[in-house]
Every structure is written in structure tokens, then in C-alpha cells.
Amino acid sequence: MGKNTTTTQQTVTPSLAVDLAGLKLSNPLMTASGTCGYGYEYGDFVDLSRLGAFVTKSITAEVRPGNEPSRIVETRAGMLNAIGLANVGLDAFMAEKLPPLQRMRQDGPRIIVNVAGHSIDDYVNTAGHIAADEDVDAIELNVSCPNVSDGLTFGTNPKLLKELVGLVRKAMRPACKLVVKLSPNVEDITATAAAAVEGGAQILSMINTYTAMTIDINKRRPRLANGTGGLSGPAIRPLAVYLVHRVYRCVARDAGVPIIGMGGVQYWQDAVEFLLAGASGLAVGTALFADPATPVTILEGLTEHLRQQGCKSVTELIGALELHTDPPAAPYP
Ligand SMILES: Cc1cc2nc3c(=O)[nH]c(=O)nc-3n(C[C@H](O)[C@H](O)[C@H](O)COP(=O)(O)O)c2cc1C
């Protein structure tokens, strides 16, 4: 280059990599359980290799047909679902659904398998079996499903939750990480978060859906056959951001436990809110039904935002909310 040539300032592409308790992701974006099937169904609509991780539908030991229809209804700012953990069951998952995920993993995304159960033994056996596979990077324990009769047994009882998490952790291949998915349908989410961490959760994910109802005014009946369902989408986003903020400040930050934030993430600005509140990972659920490419679009917006903010890494945003007092201990408004 000649002496008098003026050089334009180099814009460095910020790093989007995050490390969730040793689970290294190329970026924080992932699918939310139950909203993207087993993965391959979405391959035609979105480049899944761009995801940091793929999270499966909840897998149970037995095959589950799920609840009667109607199982999904739209609300003004979200969706109400009562799928009832419909899934192919453990054996078919291992034989038919895991191999395409293993192939997807070769392109980059880490694989997180969501597991649900009825009893401690049930969770321990299913999680232990799936975690034995070396391509499964993490198990996400669904203790927070509002749409089956025993879906919240563990997720609303800190003592039981701690015991469950401890036993599941012991049954898992050590290198496979344990994520515990928290329910917002509790009096104090910091109590269940603390119990999960004490039991051995290495990562927390939050939030699952809010129990809710919508009524057909002509039939005078609930619009969902199940009566109630779980509310997701933009309607719950500020609630989810608040709970991530609470759990980050009251439990997770000091324990060094990363949070995967979710609940209405649709635009890159939503992702930034969750990161500032304390999330290290971001899951997209309901928004995928409108546009399966949402995580990729968010990544592009997030990268540009980091550039404009002069950040070298997305990790600079995690928990960077400027607030000089931590949220009060429960009871809280
Ligand atoms: C249709 C549907 C099915 C879901 N199924 C599961 C599931 O099987 N297991 C689970 O842990 N969460 C399940 N969820 C909850 C989501 O993973 C997520 O926690 C919640 O929807 C909030 O994120 P969102 O607002 O981006 O959808 C489901 C949500 C929806 C909308």
C-alpha cells in the first residue's frame, strides 16, 4: 500500500460465541422445545446449521398421542397450547429421530434433548439413557409443563425438584450438561431456581408457558379441549424478561449458572433485552410458527447492534442491565 493511501477503519465482526457452563455454542440462538419438532422437518425452511443449538420436543419413556384437539389457539398477542407432550417415545426417538440430529450436529449446532416424565425413576431412566449418547450435548429437564396432569409436580416443589435434579445428574454421562427448565406458574421462581442449582443443574432455562384460558363465547366453552393451556409468544415477553432478571440477580449470577432465556423472543431487540437481563442463551418458540427463519434474522440484527455498540463479543451484554439495586426477595410485586 502506498504511503499516502488513506485506510478506512476496519470493522471487526463481533464474536457471537457463548459458553454455557462448558457447553460451547457458536451463537446464543436456539429453538424452544416443542416448537420445531425433531429438527429435520424444518430443514427446508431454515438453515439449521446457523443455530447455536437445537432443542427437541419433550421426550418421554412412553409414546404419547397428546391431548385431544383443539390443542392450539391463537390469542391477540400469542398462542395458547395444550399439546400434552405428544411425542414418539424414547425407543423411536433413539432409533429414528436422533440420527438426523447427529448429522445436523456435524454442521455446528449442539444438540439439547428435552425430557419429561411422571416419576423420579421415569426421569432418571429416560435422561440417563439419552445422555449416554455422545452426540447429546445436554438434557433439558421439563419439570414445567402446564398441559398434563402431573406436568408441574416437580417444577413447583423446591424440595422434590432438588431431589429429582440430583438423581438425574448422577444418572447422566458426566460430560453431558443438565439444563433445568423452570415454570413461571409458581409463587417465587427464585426458590425453584435455587433448588435446581443446589440439586446440580448446570444451566437454567426459563420460562415455560403460563397457565391460561380462552373461552368461545358462543359455545360458552373453553376454546381448548383441555380447558386450559400454556400461553406463549409476545404476550409473555416482559414477564419472562422480569423473571430472568430476578433469577439472574438473586440466584444464577452468584452461582455461576448460565440462563437460557425465552418467552416471546421475536426480534433482535427482544434478544438484547433478555441478554441484558442476564440470559446467556436465547430460545425462540412461538415466533417460529410465523417465520422459521426468525433465529437467523435475529442473529443478523444482533450482530449489527453489537457492532454499533462497539462490543467485541455478545458476552459483553449478558447481565449488563444498569440497575443499582437488586430485586427484592419474595414476596414481590
Ligand atoms: C406448541 C408448543 C409446544 C411446546 N412444547 C413444549 C415441550 O414439549 N416441552 C417444553 O419444555 N416446552 C414446550 N413448549 C414451551 C416452549 O418451549 C417455550 O418455553 C415457551 O413457548 C415460551 O417461548 P416462546 O414464547 O418463544 O414460545 C411448547 C410451546 C409451544 C408454543
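How many residues surround the ligand, and which are the closest? Select the ligand and find out: 27 residues surround it, and the closest are A32, G34, S232, G285 and T286.

Before moving on, two notes on what you are viewing. Residues are numbered from 1 along each chain as its sequence is written. The model is predicted, and local features need pLDDT of at least 70, side-chain atom pairs count only at pLDDT 80 or more, while totals for chains, interfaces and linings use all residues.

**Stop 1: colour the ligand shell by class.** You will find ten nonpolar, 15 polar and two charged residues around the ligand. Ala, Val, Leu, Ile, Met, Phe, Trp, Tyr, Cys and Pro count as nonpolar, Asp, Glu, Lys and Arg as charged, and the others, Gly among them, as polar.

**Stop 2: select residues 120–131 and 158–171.** These are helices α2 and α3, whose axes come within 8 Å and cross at roughly 30 degrees. That makes α2 roughly parallel to α3, a label for angles under 35 degrees. Helices are DSSP runs (H or I, at least four residues), as strands are (E, at least two), numbered from the N terminus. Axes are lines fitted to C-alpha atoms, for helices over the stretch in contact, and angles run from 0 to 180 degrees between N-to-C directions. Now show I120, Y123, V124, A127 and G128 of α2 with L164, L167, V168 and A171 of α3, which make the contact. Two residues are in contact if their C-beta atoms, placed from the backbone, lie within 7 Å. By class, this contact has eight nonpolar residues, one polar and no charged.

Stop 3: On the α3 side, look for residues including P158, L161 and R169; among their partners in α4 are A191, A195 and G199. Seven nonpolar, three polar and four charged residues make up this contact.

**Stop 4: select Y210.** Y210 sits in strand β11 (residues 210–212). Is Y210 buried or exposed? Y210 is buried, because 20 other C-beta atoms lie within 10 Å; the cut-off for buried is 20 or more, and for exposed 12 or fewer, with partly exposed in between. Leaving out residues up to four places away in sequence, Y210 touches P184, N185, G230, L231 and I236. Finally, select P14: P14 and Y210 are 196 residues apart in sequence and 35 Å apart in space, C-alpha to C-alpha.

Key: Angles under 35 degrees count as roughly parallel, over 145 as roughly antiparallel, 65 to 115 as roughly perpendicular and the rest as oblique. A residue is near a molecule or strand if its C-beta atom, placed from the backbone, lies within 6 Å of it.
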